[in-house]
Amino acid sequence: MTGRTPARFTADDYRARMERAVRAAADAGLAGLLVAPGPDLVWLTGYAPPAVTERLTLLVLTPDRDPVLVVPALEAPDAAEAVGAPALTLRDWTDGKDPYAATAALLDTGKRFGVSDNAWALHLLRLQKALPDSSYASLTEALPMLRAVKDAAELELMAAAGAAADATYEEIRKVPFAGRRESEVGADLADLLRRFGHSQVDFTIVASGPNGANPHHEVGDRVIQHGDMIVLDFGGLKDGYGSDTSRTVHVGEPTDEERRVHDLVREAQEAGFRAVRPGVACQEIDRAARAVIADAGYGEYFIHRTGHGIGVTTHEPPYMIEGEEQPLVPGMCFSVEPGVYLPGRFGVRIEDIVTVTEDGGRRLNDTTREMVMVD
C-alpha cells in the first residue's frame, strides 16, 4: 500500500480527550469517570498495560483535579512511557498496599461515577466497599457517544484501515476457493490483513453455501463447492483503528435467483448509504436499507441491525437499528451492512464502513459491490 503514514496522536490530543470526557460526564450527571484497561483507556491516554492482571489499574477523571492513573508500581515505568502520560499524574502502588483506599481518596463520597464496561467486578466491588455510598453507571449507557465522533487524525486512521481491508479483498479474490475448507480461506484472509498492516485480526467469516444463512458463521470445516455463494466478512485493527467489510462472492456462475438476491442486497446497501447525512436519526439508516428488502418480499430474512459504530474497537455505539434516535454527527463512523439469509440455502451481505460528512456520507471501503465470481 502507498500513501503517507497517518498522523500519530500527541499528549495534547489525549489531554483534550480527557477534558472532553470530564465535560461529557458532568453533562450526564456524573461526578467523574473510572476507566479500567481496555479500549477506553487506550483512547483517553494512549496506555495499554503490558498484561491484564488482577492488580488494579484505573484512570480517575474528575472535574476538580488533574487526571490520575492509579497503576501497580511494577508497571509504572511502562505507563510513564505512554504518549498521554504528560497529561496525567501517575499514582503507583506496591503489593501489600490497598489500591482501593488510595483510589477512594481521589473521589467524593456519595457520588455517581461512570465506569468503563470492561472493569472487573472484583475491582468495582472492592472500590464500592471503600466508598459504600457511591454508585456507578456503565460508560456505554451513560456516555454512548464518547468515542463516536472522530477527529481528522482518527478519520485518517480509519480510512487507512479501510484501505487495508479493501486490499485484502482484492487479493482474496485471486485464491482458489472450490475444494478448500472455509478455515483455509479464513487463514488466507487473516494473513492478508496482517500483510496489509493489521496488528489484530478480530474476525474472518467465510460462510459458504448453506452456512451463509448464518450471519456469524465465521469459518468451519465445510469444503467449498462449485456453485456456492460465499459470504466474506473480515476485519480487525490497524494502527489502533478498526476495519470491517463484507462482500459476497460466488464459485462459478450464479443462478438467476442468486443474482437477484445479491442485487437486492446491493440496492439496500446503497439506500442505507444514501440516507446518511448530519441530523438524521441512526434508525433511519436501518429503515432505508430494510425497506428495500421488505418491499421485495424478503423482509423476514433480514435478521440483524443494519450497522454498528466502529473506531478503536470493531463494534461500538452508535447502532443503526430501529429505536435508536441518536442523530448522526459529522465524524461518526459505522457500518452499513444489510443482508438476506435463506435458511438451508445461502446468504448475502454487503458491508462498507461509512463516515458522516458535513453534507452526507463517505464510504471508507471502495471495492466493487457487484457480484464477483471466484474459482
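**Note on the predicted model: helix packing, sheet and backbone**

1. The axes of helix α7 (residues 152-172) and helix α8 (residues 182-195) cross at roughly 135 degrees and come within 9 Å. This angle makes α7 oblique to α8, and the crossing is right-handed. The structure discussed here and below is a predicted model. In general, the angle and the distance between the axes are what describe two packed helices.

2. The contact between these two helices can be set out by residue. From α7, A165, T168, E171 and I172 take part, and they meet V185, D188, L189, L192, L193 and R195 of α8. By class, the residues of this contact comprise six nonpolar, one polar and three charged.

3. The model also contains an open sheet of six strands with mixed pairing, in the order β4-β3-β2-β1-β5-β6. Its edge strands, β4 (89-93) and β6 (135-138), each pair on one side only. From one strand to the next, the twist averages 25 degrees.

4. Within this sheet, strand β5 (residues 112-115) pairs with β6 in the parallel sense, over four bridges. F113 stands opposite Y136, a residue of β6.

5. Helix α1 (residues 11-27) lies across β1 (32-35) and β2 (58-61), and runs at about 65 degrees to β2. Helix α5 (residues 121-130) lies across β1, β2, β5 and β6, with a direction at about 150 degrees to β6.

6. Apart from neighbours within four places in sequence, H123 is in contact with T53, E54, R55, L56 and Y100.

7. Most peptide bonds are trans, and most residues other than glycine have a negative phi. The peptide bond from P317 to P318 is cis, with omega near 5 degrees. P318 lies in strand β11 (residues 316-320).

8. Positive phi values occur at E218 and D239, neither of which is a glycine. For E218, phi is about 60 degrees; this residue lies in the loop between β7 (200-208) and β8 (229-238). For D239, phi is near 50 degrees, and the residue lies in the loop between β8 and β9 (241-251). E218 counts as partly exposed at 43% relative accessibility, and D239 counts as partly exposed at 30%.

Key:
Residues numbered from 1 in each chain as written. Predicted model: local features only at pLDDT ≥ 70, side-chain atom pairs only at ≥ 80, totals over all residues. Heavy atoms only, no water. Pairing = 2+ DSSP bridges. Axes fitted to C-alpha atoms, helices over the stretch in contact; angles between N-to-C directions. Contact = heavy atoms within 4.5 Å. Parallel < 35°, antiparallel > 145°, perpendicular 65-115°, else oblique. Left-handed = near helix turned anticlockwise from the far one by under 90°. Nonpolar A, V, L, I, M, F, W, Y, C, P; charged D, E, K, R; others polar. Buried < 20%, exposed > 50% of the residue type's maximum accessible area, 1.4 Å probe, protein only.
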